[in-house]
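Here are my notes on the model you sent over.

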Amino acid sequence: MVGKIQLNHGAVIKSKQAKMQSRFARVGSAYGLLSGMTFALNSIILGFALAKGPFTLGVSAMFVAPLVAAAMNDSMTAIWLLIYNIMKGNFKEIIRSVKTKPGMMVCVAAILGGPFAMGSYLLAIQFCGPAYTMPISALCPVVGAILARIFMKQKLSTRVGIGMAICIAGTVLISFAPPEGVYPHFYLGLLFAFGSAIGWGAEGALATFGMSMVNPDVAITIREITSGLASSLIVVPLIAGMAMFGQLLVTPGTMVIIGIAALAGAVSFLTWYKANAMIGVAPGMALNITYSLWGLIFSFFIFGVSLSASLVVGAIAVTLGAMLVVVNPFELLANKGV
Amino acid sequence: MKKKSILPMNFRMLHFFSTIKEATVDSLMHELKSEYGTERQFSKKNISNSLFSMRENGLIEDSKVELDNSGELCIYYRINDEGTRLLSKYLPREWKTA
């Protein structure tokens, strides 16, 4: 090889390689945590938007409003991601990727994760509030593990079993004592939160097919464009939400709030997929799931929401249990050389 | 003969590894310059990161690591079984012919 020193620099090479690997893992983990924080912000800000016009008009708005908000949130997230990719010169890559099989798989997964899961998620926020919705929806890896067991005949290890048991205990704690007064349809909300966990769990199981071959920035943009289009063009007309969608478009105050929420959402999705690409899907998901705890922290310290002890303990249990389902903590620490 | 579509760059990188024994980021960029050279994504930093990600996700592996003249790491990558399996599953038909 021209210009290459072929001497044996074994020790130097090893140390440089370890440094490079640890930097990559650190940046990937930071992306994973950032994705959790920004997803929590997205949920809380959307909770605020749902309390504003036109979402509060009429009794039927209770069901229609969250789905219209989900459609607008996904569409605006897609616009933010599209702007980011155009600035990075990735537009052609989006078109090329969507024509490949893994790209098409991302589209199918997006229907489960977008209209179905995000719609259920916002219905849950409407009926039981973000603080309760987030930990229940964080059960999605548990659903993913169950689906993998049923459809792919994957064995559930003892670690996954223990993680699930902790999750169930946490869920019981959260559901046991509804908050006083504020949410008359609390249990309906929890049901929708379970729906979102099922949608995201199924999306996770589907999206793993060949995803590692597509640029993560491009993959998440395809996902959000599909999801935004399906929510706005299929779900909203189906639930007779076009009038509210139109009203929302001419309500600048609420549009700005959803635009800010969508920006947090875009950062969250982008950093989540980047983390998946840099440190692997399972550790990426484990860090993303921390959104449930960030949600409690932001709700309490920034927005002054009062939290019951059972909710806090339950949310911590669900988050830790879900992390245990996706990663082996001992392996993770060993890989990072800690 | 049907004209081959342009593949997404990561896809094409993996395909390139299936045609050679091993490659560094520089040799890979040299070979793919005619296809992607005018695009902003075609930077050494971006491609090095993509290679590292593909390695992290188990599609390629290190075959050899050296130091170059300026003391920087020069990593040779090669495709592994998982990369070959995914490629044979998802590569468009027109690209499958040798």
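1. Start with A:Gln126, which sits in helix α4 (residues 101-128) of chain A; helices here are DSSP runs of H or I with at least four residues, strands are E runs of at least two, and both are numbered from the N terminus. A:Gln126 has 26 other C-beta atoms within 10 Å, so it is buried. The cut-offs: 20 or more other C-beta atoms within 10 Å of a residue's own means buried, 12 or fewer means exposed, and anything in between is partly exposed, with C-beta atoms placed from the backbone.

2. What does A:Gln126 touch, leaving out residues up to four places away in sequence? A:Leu50, A:Met62, A:Ala65 and A:Pro66, where a contact means C-beta atoms, placed from the backbone, within 7 Å. A:Leu50 is 76 residues from A:Gln126 in sequence, yet their C-alpha atoms are 7.2 Å apart.

3. A word on what you're looking at: this is a predicted model, with local features needing pLDDT of at least 70 and side-chain atom pairs counting only at pLDDT 80 or more, while totals for chains, interfaces and linings use all residues. Residues are numbered from 1 along each chain as its sequence is written, and chains are lettered from A and ligands numbered from 1 in the order in which they are written.

4. Chain A has 15 helices and one strand. Buried residues come to 55% of chain A. Of the chain A contacts with a separation of 6 or more, 90% are between residues 24 or more positions apart.

5. Next, a helix pair. The axes of α1(A) and helix α13 (residues 291-301) of chain A come within 8 Å, crossing at roughly 55°, which makes α1(A) oblique to α13(A). Axes are lines fitted to C-alpha atoms, for helices over the stretch in contact, and angles run from 0 to 180 degrees between N-to-C directions; under 35 degrees is roughly parallel, over 145 roughly antiparallel, 65 to 115 roughly perpendicular, and the rest oblique. Residues meeting there include A:Phe39 and A:Leu41 from α1(A), and A:Trp294 and A:Phe298 from α13(A). By class, the contact has eight nonpolar, four polar and no charged residues. Ala, Val, Leu, Ile, Met, Phe, Trp, Tyr, Cys and Pro count as nonpolar, Asp, Glu, Lys and Arg as charged, and the others, Gly among them, as polar.

6. Two backbone spots to check. The peptide bond from A:Gly53 to A:Pro54 is cis, with omega near 5°, and A:Pro54 lies in the loop between α1 and α2 (61-87) of chain A. A:Ala240 has a positive phi, near 60°, although it isn't a glycine. A:Ala240 counts as exposed, with 10 C-beta neighbours inside 10 Å.

7. How many residues does each chain bring to the contact between A and B? Chain A gives 31 and chain B gives 26. On the chain A side, α1(A) gives the most, with six residues.

8. Finally, chain B: five helices and two strands, running α-α-α-β-β-α-α from the N terminus. In chain B, 29% of the 98 residues count as buried.

Conventions: Contact = placed C-beta atoms within 7 Å.
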